[in-house]
Amino acid sequence: MMAGGTESSATSLEWAISEVLKNPNVFEKATEELDRVIGRERWVEEKDIPNLPYIDAIAKESMRMHPVAPLLVPHQTSQDCKINGYDILAGTRAFVNAFAIGRDPSVWEEPEQFRPERFIGREIDIKGHDYELLPFGSGRRMCPGYTLGFKLIQSNLANLLHGFVWKLPGKMKVEDLNMEEIWGLSCPRKIPLVTIVEPRLRDHVY
């Protein structure tokens, strides 16, 4: 549980920062919201998160494209059923492909594009009620720590974007940023993210 609760959150944050670097316009919109709502006199607190819809949208969009557990936790059918013409017997082990759901063009417009705006004004949550977005699973087998985990991701992402300017090293361009994954217990970046950061907030805040 310790490994699942810490490594998964760190992986999600690394993917979110990677996508923000890959899409500079997203960073501009995020910092505009943070400066308008928070200002540059303090860090973001947990109570501020409901007032930061674009930060919430970035977190959701990142988890749509890069679910930490692409096949979720294995499930088991409780009764016989029929799905798309196939007979599924009770007791069958089932794997839910959250990665494929998050990139399904019949569900998402331009699914390969990182567009947090798709969540603005839409009531799509990560609690397992909206089946097009299942980063933590659904039902009795969903992640028991999803509430804490998502708040941790939101708060850390907000402070990382609010407190620092993020740049790629050397003459590296956004087109050069490798976005390949590797498969394992989670789905982290194949090549760890390397960046240069500079402070954004006023000196006295640090």
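**Around the ring of W108**

Author: R64 lies over the face of W108, 5.4 Å from the ring centre. A charge sits over a ring if NZ of Lys or CZ of Arg is within 6 Å of the ring centre and within 35 degrees of the ring normal.

The model is a predicted one, in which local features need pLDDT of at least 70 and side-chain atom pairs count only at pLDDT 80 or more, while totals for chains, interfaces and linings use all residues. Residues are numbered from 1 along each chain as its sequence is written, and side-chain values use heavy atoms, with hydrogens and water left out.

Next come the ring pairs. The structure holds three aromatic pairs. In one of them, the planes of W43 and F164 meet at 50° with the ring centres 6.0 Å apart, so the pair is tilted (rings of Phe, Tyr and Trp, the last by its six-membered ring, pair if their centres lie within 6.5 Å; planes under 30 degrees apart are stacked, over 60 edge-to-face, and the rest tilted). This pair links distant parts of the chain, 121 residues apart: W43 is in the loop between α2 (24–37) and α3 (53–65), and F164 is in strand β5 (residues 164–167). Such helices (H or I, at least four residues) and strands (E, at least two) are DSSP runs, numbered from the N terminus. W43 has a relative accessible area of 28% and so is partly exposed. F164, at 23%, is also partly exposed. Here buried means under 20% relative accessible area, exposed over 50%, and partly exposed in between, with a 1.4 Å probe and protein chains only.

W108 itself belongs to a tilted aromatic pair with F119, 5.6 Å centre to centre and with 55° between the planes. W108 and F119 are eleven residues apart, each in the loop between α4 (98–102) and α5 (146–163). Both W108 and F119 are buried. The loop between α4 and α5 also holds E110, which has a positive phi of about 45° although it is not a glycine. E110 has a relative accessible area of 47%, so it is partly exposed. Most residues other than glycine have a negative phi. L72 is likewise not a glycine and has a positive phi of about 50°. L72 is in the loop between α3 and β1 (75–76) and is buried, at 14% relative accessible area.

The structure holds one cavity of 30 Å³ or more, and the largest cavity has a volume of about 40 Å³. On a 1 Å grid over the protein atoms alone, a cavity is a set of points where a 1.4 Å probe fits but cannot get out; a pocket is an open set with protein on both sides within 12 Å along at least five of seven lines, and lining residues have an atom within 4 Å of a point. Grid points are joined across faces, edges and corners, and a volume is the space filled by probe spheres set on the points. R64 is one of the residues lining the largest cavity, and others include M63, P67, A98, I101 and G102. Helices α3 and α4 each supply at least two lining residues, and α4 gives the largest share, three residues. By class, seven are nonpolar, one is polar and two are charged (Ala, Val, Leu, Ile, Met, Phe, Trp, Tyr, Cys and Pro count as nonpolar, Asp, Glu, Lys and Arg as charged, and the others, Gly among them, as polar).

H162 is buried, at 0% relative accessibility, and its side chain reaches the backbone oxygen of R42 at 3.2 Å. A polar contact is a pair of N or O atoms within 3.5 Å; within protein, one must be able to donate a hydrogen and the other to accept it, and residues adjacent in sequence count only if both atoms are side-chain atoms.
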